[in-house]
There are 8 protein chains.
Amino acid sequence: GRGGTVETETAVEGAPVAIIMGSQSDWATMRHAAETLDALAVPHVVLIVSAHRTPDRLVAFAKGARGAGHKVIIAGAGGAAHLPGMAASMTSLPVFGVPVETHALSGLDSLYSIVQMPAGVPVGTLAIGRAGAVNAALLAAAVLALADPDLAGRLDAHRARQTEAVAHRPRDPEAQGG
Amino acid sequence: GRGGTVETETAVEGAPVAIIMGSQSDWATMRHAAETLDALAVPHVVLIVSAHRTPDRLVAFAKGARGAGHKVIIAGAGGAAHLPGMAASMTSLPVFGVPVETHALSGLDSLYSIVQMPAGVPVGTLAIGRAGAVNAALLAAAVLALADPDLAGRLDAHRARQTEAVAHRPRDPEAQGG
Amino acid sequence: GRGGTVETETAVEGAPVAIIMGSQSDWATMRHAAETLDALAVPHVVLIVSAHRTPDRLVAFAKGARGAGHKVIIAGAGGAAHLPGMAASMTSLPVFGVPVETHALSGLDSLYSIVQMPAGVPVGTLAIGRAGAVNAALLAAAVLALADPDLAGRLDAHRARQTEAVAHRPRDPEAQGG
Amino acid sequence: GRGGTVETETAVEGAPVAIIMGSQSDWATMRHAAETLDALAVPHVVLIVSAHRTPDRLVAFAKGARGAGHKVIIAGAGGAAHLPGMAASMTSLPVFGVPVETHALSGLDSLYSIVQMPAGVPVGTLAIGRAGAVNAALLAAAVLALADPDLAGRLDAHRARQTEAVAHRPRDPEAQGG
Amino acid sequence: GRGGTVETETAVEGAPVAIIMGSQSDWATMRHAAETLDALAVPHVVLIVSAHRTPDRLVAFAKGARGAGHKVIIAGAGGAAHLPGMAASMTSLPVFGVPVETHALSGLDSLYSIVQMPAGVPVGTLAIGRAGAVNAALLAAAVLALADPDLAGRLDAHRARQTEAVAHRPRDPEAQGG
Amino acid sequence: GRGGTVETETAVEGAPVAIIMGSQSDWATMRHAAETLDALAVPHVVLIVSAHRTPDRLVAFAKGARGAGHKVIIAGAGGAAHLPGMAASMTSLPVFGVPVETHALSGLDSLYSIVQMPAGVPVGTLAIGRAGAVNAALLAAAVLALADPDLAGRLDAHRARQTEAVAHRPRDPEAQGG
Amino acid sequence: GRGGTVETETAVEGAPVAIIMGSQSDWATMRHAAETLDALAVPHVVLIVSAHRTPDRLVAFAKGARGAGHKVIIAGAGGAAHLPGMAASMTSLPVFGVPVETHALSGLDSLYSIVQMPAGVPVGTLAIGRAGAVNAALLAAAVLALADPDLAGRLDAHRARQTEAVAHRPRDPEAQGG
Amino acid sequence: GRGGTVETETAVEGAPVAIIMGSQSDWATMRHAAETLDALAVPHVVLIVSAHRTPDRLVAFAKGARGAGHKVIIAGAGGAAHLPGMAASMTSLPVFGVPVETHALSGLDSLYSIVQMPAGVPVGTLAIGRAGAVNAALLAAAVLALADPDLAGRLDAHRARQTEAVAHRPRDPEAQGG
């Protein structure tokens, strides 16, 4: 379960996905990445790594990510969001960035800081906020599924359930107590 | 070589990367993805698939992508750029989107149309323009390198060369005829 | 009544307007289109068609729209809002798009995704949110009224009532319990 | 031919489409609407009507549009672009607006001024610039085609040619003298 | 008092300032213009004139404004805010525009629609929202004060009081029950 | 002529309009204000007053403006454009601001810096660039015309010529050598 | 303590940092600058100086700042935020600007008005809102610490505590009563 | 001279200002910082330090900056501009950031990435482009001048010359061959 992954030690060998975020406040967004991986039974670790307040931790994490067994990094941050790009500068693992919504600029600052990386160091960027966190997890799963037929099957099933869950007509919430 | 890839038939079995774009005019941007894959010796096909003008081709391509042997899709488009997201809606392969710069809105329309996908259908989005095209290729290579140690080595070497190529001090172009 | 139209089957022959939307959450906006058509006695169907989660449904709907008797399509969506443009790519019926307001970017992402269509596939785009939904219905009615003098009369009467309803001076809400 | 339509008198009875624009400088954009209608053999008139410099002409045009036989109005304007919305305020014919690109704000001012109409007076808005002008014509044709099977056929043929014209692979311009 | 001005007939001869607005909902903003004029003892009328829903009223008002004795027009509107510019197109009296804040775009649409007038028809534009309404009144008073020494004196006194009211140090609200 | 006004001494008694600007580079924009006043035979002075580089000059100008016989101030500036607002803070004469277009942000920084004044100190803001400069002059003339029937007549004649100059149909430049 | 500094007279000799702000309402933001300086034991004065409502006070403050013993000025303002730049125009002391968040434009107007200063008069600009206020204080302390080893030590200790306070893993607020 | 500083070794002990930038292409902007320091006779080093391509160099530079004798860091970067903030995360020296203009987003991405730092790690941000580079140098000089009366004198003289250089009236370039 998710609670379990939060308690997991950083150096878990073999957890293919590492979710990192710049601060505790990003967890409200990034937990949706963790929950989505939980739903797909993809092991992961969840860590706070602040590019600005813990730069040494960032260096250690990014340089050690491959050795620690991670295969994909999901990084969420807000404002002048340097975490995804700086992690990507120190590993050639795929890095997916989630722009966390901010108060004044609504996450547009986060988005620009993450997506506008120069040629040479890629960050695959998802939508601002919760949707982006969910999709970073789905994209990480899609990457892992290339070498994991079971996961590919779970991902396809997830997609199929998602399609089936779309009603054909809207319902009036007030007519149904909802 | 790149010229070769452009001439390659669509149905090439086993080309792990497919680069698609909405129109001929996107090629000026997307060729940088192809050239980057060439430099890394990653086989790829290059196709024009217009979401709006050739929707049937889009459906056929996206639904057949896995069967055709593709593992990663790179999709570039501009303006109301629906190609990456619609491709992602019909395959669970990883899709990376490149917002092509536009005349009036400078690619901000392309960026929003690609990155702001709803929860459930991810598109890993790169920077607007050439940098995004290069990085989409690097990100695709990073994904493929997870299962291809040789490619991982080439990617690391590419990174190392890139780092070494950074001069320590700027030079004055006019002082050097450049 | 509106409740009735929501319960109507998709395949209603002859319903000239189809209102489609990407998800249940868009209904809070798009219901204003339905209510406006109700007020003008314009038959319509209301459907959820998600470009990203139900692409097959989208293809079936758009390709079948003319055959189903629809004459105008109203499509509402938010974020990377591909529904209006993709519907327009598969039918030459007039398509009117309503950008649904979003949390982080206030519907600017929806607007750009809908209005910035490339030359060749038009979507007539209305304002972000409720006003856009109302106006999509009025515009659909204006189109249908070209061949329906009775509807033209109802539309003119609607306009006249709207004009008459504009007070000459503002009233102070607090002075009137309002 | 187009030259002919430009020379046509304003009061042409029966020209179903009227293209109006705020100034001579908008013609570089709006001519693409006229040319598209020419290609579809849709009769039209082309007029300069400035909301700000010729308000009386605007009132006369908009109130007389239905009586003059127009069925659809295409209005292009830039900056504080009031022409489409003000025309729509004085006729219940369908009005399609084209935001003309501007120097400082790239047409974003035009777009906001046209698309953000209040509930009650719709303007179906197309993309900024040339694409919007082409698509306004296509949308007008789609509206007229509802009652004109021949035009519907021409419109479908136009679509088919457009689809067929999309190459399967990009070509390198420099490799072909182009 | 303000209440009185709201009840005043439109055709008041000699009221130098006319405050017009597009709808009842704009009154929450524009009342600050009226209150500021009240504080400066500047007679004014307050009217709803909707450019889009009551275009005839707009024409009658704008063309009759000088004859009715108005010297300055203050016009507030939101969204595709055409009222100030269209009023200015039909009178050469000074027109000051107040962009009313809107829900989705926060009044940026209103601002662009009002301020970006083409050369030839000026609208002096104030800030979005309440500050703009207050300042439109102050600017109208400054204009009238050019020919009214008493008003100039009242305006200077208003300025002086405003300056004096600025405390030298901030106070902590919670320390003072405020 | 304009050359003459540029050579006029600052302390010209009785020149009703003062045009100030932040730097020589703003003259390319602000000359259009001077030329418009020339065309209306409105005497004016033209001065460079930099809020940031010559703050003392700004204070002296603004505090002395009324005494120098000025009735209206037109102030143009770009970027962090403080000149119009700071002039307005030291005089209760009407101040009209012209946002000069800038390189990176296209004058949006200028616009925000000028128009978003707090309640209490108004600046009537015109469009970005040349159109704004022309309109600032027209608005100043409209203010002065309230007490100058001859000027009012010239202004109305200017308007009439402007209206008459609008052609009824666009002409193709290439068809006319133009 | 902070309360003490708020009560301190303006002319305190030797207080190295002066925090100025445009109005009482800015204190909710700027108090975070004062509190941060308190935490670092950096003496400071806190003053309201409105560029627009108290221009004389601004001149007196800025010209007298060096003589009053100030070494760094922190200036916060919102909207058309001229205070930081105008203070910088009248002193060559370092000026750090804090864009206060605004209602309609979220502080983007404040940011542009502060940061886009022309070459010649610098304002070091921090983030919009509270983070900017905290950081202005930290930056002022960093400047003062260049000549104050004790302060440098306190600043380093502050940094170290900040780093240590970053948890390694996020916690679920709801799981902990938080 | 500047050429000299460009050739200077990185480890120059005692150069109080270090100018760093992300790439050679930033030099066209950042040279204006170097030239301004030259004009004020402030010793400085100029280095390329890419946050993304040379992260190790960044760590070494930032951690060693104080020990190398630097007192102020000027950092310029464009796009997802992480260099200033990451340098600031590893030193408590004052860091001033210059957003370099970019192609698609005109430097707005650079600005947001630099200025929107979270509370705890300040970057004093200057204007986009050349003006920002000049002003970063002036601000660095102002900081150093606090402990260097000679530099303070040179800075004041620079200011005085700047003020004196402002002409009182604009000149017509074309009237003067310019």
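First, the ground rules. Residues count from 1 along each chain as its sequence is written, chains are lettered from A and ligands numbered from 1 in the order in which they are written. In this predicted model local features need pLDDT of at least 70, side-chain atom pairs count only at pLDDT 80 or more, totals for chains, interfaces and linings use all residues, and side-chain values use heavy atoms, without hydrogens and water.

Start with chain A. It has seven helices and five strands (DSSP runs: H or I of at least four residues, E of at least two, numbered from the N terminus). Their order along the sequence is α-β-α-β-α-β-α-β-α-β-α-α. Chain A has 178 residues, and 65% count as buried (under 20% relative accessible area, 1.4 Å probe, protein chains only). Take the contacts in chain A (heavy atoms within 4.5 Å) with a separation of 6 or more: 69% join residues 24 or more positions apart.

Now chains A and B. A 180° rotation with 0.0 Å of shift along its axis superposes B on A, RMSD 0.0 Å (least squares on C-alpha atoms of residues with pLDDT of at least 70 in both). That is the relation of a two-fold axis.

Last, chain G. Helix 6 (residues 130-145) packs on helix 7 (residues 149-164) at about 140°, axes 8 Å apart. Residues in the contact include L138(G) and A141(G) from helix 6, and L155(G) and H158(G) from helix 7.

Definitions and conventions. Axes are lines fitted to C-alpha atoms, for helices over the stretch in contact, and angles run from 0 to 180 degrees between N-to-C directions. Buried means under 20% relative accessible area, exposed over 50%, partly exposed in between (1.4 Å probe, protein chains only).
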